[in-house]
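The sequence and structure come first.

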Amino acid sequence: MEAGRSELAAWPPGLRGRDRERAALETLLAHARQSRGGALLLLGEPGTGRTSLLAAAAGIATAAGGTVLRTAGIRAEAAVPLAGLHRTLLPIAPLVRAVPGPHGAAPAEVLAGRVPAGGELALGAALSGLVAELGSAAPLLWCVDDAQWLDPATLRALGMAARRLTGLPAAMLFAADDTDPATAALEGLDTLRLEPLAPDAARRMLADRLARERRSGAAHFGAGPLPGTLPGTLRTGLTAESRLSGQDAAAVLDLAAGNPLALVELAEAAMDGRLPEPPALPAGSRLRERHRERFRTLGPGARTVVALVLSGGPLAAPVLAAAARRLGLAAGSVADARARGLVELRDGTATVPGRLLRTSLAALLSPADRLAAYAVLASVLDPSAARAFGALHRLGRSAAPSPETERELEAAAGAARRSTGHTAAATVLERGAEAAARPYIRGRWLVAAAADAQAAGETRWARGLLRRAGAQGGPSPGGAMGALVRGEIELRDGVPAVACRDLSAAIGRFPAAQRAPAVRALMLAGEAGCVAGDFVAYFDLADRARALRRSDDPPERRLVFDHFAGLAATFRGRHDQAQWALRRVVRLAETLQDAEPAVWAAQAAYTLGDARRAHALATAAVHRARRQGASALVPAALVYEALCALALDRYAAAGAAAEEGLRLAESTGQRNLAVDHLSVLALLAALQGDSATAGLRMAAAERAVAVRGLGRPEAFNRWVSACADLAADRPADALSRFARMRAGAGQVNLAVRGMAAPHFIEAAVRCGQRAKAAGALRAYEHWAAASRSSVRLALAHRCHGLLAEDDGTAVDHFREALRLHQDDDTVLELAKTELFYASRLRRTRRPGEARGLLRDAVAVFRQFDARPWTDRAVAELRAAGDRVGPVDREPGGVRELTAQQTRISELVAQGATNREIADLLLLSTRTVEYHLRNIFSRLGVRSRVELASLFR
């Protein structure tokens, strides 16, 4: 439509993420120009941009030469009949009086301050005629904002007119609060509900706001990146200068939850230093006032319901109903609160929806309101659940500090942690801190709440709690426990080298009686050293671990000390010594039920080369973490679940685990773990020979690796790149990448280098650097023999076969490698060994033996959709004298697809575009297109429609 295209320039550039609404408005205006009049009702939460969309539509209509009328509801006049219509008609009074007949008479009566004769039907009909008259000269757009605050008579009259626009050169556009019952007068109109902005659109809008601030030159700016999301660009960020730190930007985006007005008001408050703690809408906020107006319109019973849910939520629906009965609230109070959008009932649980609304309403509750809510909840819950509310009630009523009540609340938080999870414990401790009389207790509880919030995967909440704990005063905010929590957050979402330093310092700050948190700080410091690639720091920590060890340590602490001993020995190349310590870690973990030791044991088993046991431990860690409400541990456990699935040639399972881990790492604010999952996904693509996808995923992680000094992921990604080069038959490039496999601290990453040794040896042999290959093989063979891993022993024999100059020796090693592969079920590595062995056989003039091996290898490579490896094996098979025909089709067709191809086909059947499939599966669009070509060929289909029919 030409008119539609001409209006593109009129659309305000600041309206981000509203493409659907834009299309609807442009269609409405185009129909008005074609005398196909209509009306549209925009419904949304306060602050979602209703007014901005009306202004945009008015601007487009004016630019096209149309006439625009504007009406806005005013709460103060909502009880005055026809007050809204009177205000609308005043600016066009001469035009109204000039309209002849009844179409002008009734509106003229309104202008005179009188109710027209004939009632509402006559007025509605007159307004329809007035619209026709006004639109005769130029298309008319009538914009009605805040319709919920118009007087009922005006709203009914406008609704009648809006439903009678067919065949007229006019459009009416209404905007209203989606929870206000007054909008029932507009029933029958087309409705468009405004959803929160998508995360990308919210970031772009915030970036726009900051860019305007920079251009204004209003203040001195300091650098501060704006976090982004995965996948696609690992944290694309706002690289220009702004007064908004990355941490504040993250808090703004999180709290605003896609509400445009909240984004603006929170960003302005943060830049001016007015952002409250904990983060909330600032004083003078228009949006906060809108939230409070909703609350004030409720009856007393419904307000009490909101207070109950705010103080005790989330609440099970029967508990809320019991509390309402205990208080004698009027029937329908809960329904009233729900109708106004202040209480949401989902899956049998009542909450105040959205942290933004909760923070606005929480400020309306007085201490007495909270105490009353705590008391009634304690009276209707069973004793175990009532414990926390009873303690909060007694704590709030205490005129002076009460150690007994403080101990009671801490016990209640512990019980909540065990029964419900870390989120519940953090909530109890935070509420307790608000009621505690002593600053020391407030600070201690806020730090403990931060530890629980971090364990629950609520990183931003944890940061806010730590800031509030610091505001309690004292020379060392939060003490040793605060340093531990801050260090863990830095490890997961910051610079691991800084985390290693801070956690190392925290170890000695714990009193002698608090060995458990001190040992955990030690373990996390070691992990930070590994991630940073700082092995000097790791060896120092291993020495401290040896000194801290006691004979009476419980199993969970012995596991930590053995873990240090085993990994330190591994990093030093003392594999015989390492295996005993690491095996003890695995055995100890099997006697424990917590998730975290299972994650550490999975790492130990993976280091030993026992992929099956490591996979079982990682899977157990995932289930335990979810059951215990320790969401932050799930992405860490999924790293090892994915790596072990790869080692076991379970590529579909590895991809699923890494994709889930990536999403969870993002949502729990653990960007460094997100990098780990991107690296695993890149390795998966590289092992399949998909260099384009591997490169895309590594590029997404590249900036974070460099900025945050992630030494281990950097070395890992060098390995991934080398694997992709080898699959693409570029051994020289692979060898060059191996030469640069160094950690961020400049030390060789021995763990990753050990796992990558077979690929290094392959590259070195193919480049003629046999001495380098032999040296690497000696070290790798020692590791393989010490670990007694059949996978590693098979790869060691394969490397011997590649390196051997004597054909008989090479054949012996290849045969032993094949035997060992049969024991470990690593099918893809078996196929690669068959390829290398067959290549040797062909060169020694034994093509008959080579052909059988190569046929098996081709079948496996095709099964795994490893196209470059398939091409290499097919080339060898042809060189061995075999004529390679088309792929044999299996009965049923669909069964011959790989797991990745099946997932792509299912998404096509659901109507997904190539771009959407690429985003979901973390692939490039070119890779999706490549897979679809193969799918079409294998299944004999010619279109997406035919493909979809097979999967429905």
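The text below covers confidence, then ring pairs, then strands.

This is a predicted model, in which local features need pLDDT of at least 70, side-chain atom pairs count only at pLDDT 80 or more, and totals for chains, interfaces and linings use all residues. Residues are numbered from 1 along each chain as its sequence is written, and side-chain values use heavy atoms, with hydrogens and water left out.

The protein chain has an average pLDDT (the predictor's confidence in each residue, from 0 to 100) of 84, and 91% of the residues score at least 70. Over residues 217–242 the pLDDT stays under 50.

The whole structure holds 11 aromatic pairs. Rings of Phe, Tyr and Trp (its six-membered ring) pair if their centres lie within 6.5 Å; planes under 30 degrees apart count as stacked, over 60 as edge-to-face and the rest as tilted. Two of these pairs are tabulated.

| Pair | Centre to centre | Angle between planes | Type |
|---|---|---|---|
| Tyr606 and Tyr640 | 6.3 Å | 65° | edge-to-face |
| Phe716 and Trp719 | 5.4 Å | 75° | edge-to-face |

Tyr606 lies in helix α29 and Tyr640 in helix α31, so their pair ties together parts that are 34 residues apart in sequence. Helices (H or I, at least four residues) and strands (E, at least two) are DSSP runs, numbered from the N terminus. Phe716 and Trp719 both lie in helix α35 (residues 711–727).

An open sheet of 3 strands has the order β8-β10-β9 with antiparallel pairing; strands pair if DSSP finds at least two bridges between them. β8 (315–316) and β9 (344–346) each have a single partner strand, so one side of each lacks a neighbour in the sheet.

Key: Contact = heavy atoms within 4.5 Å.
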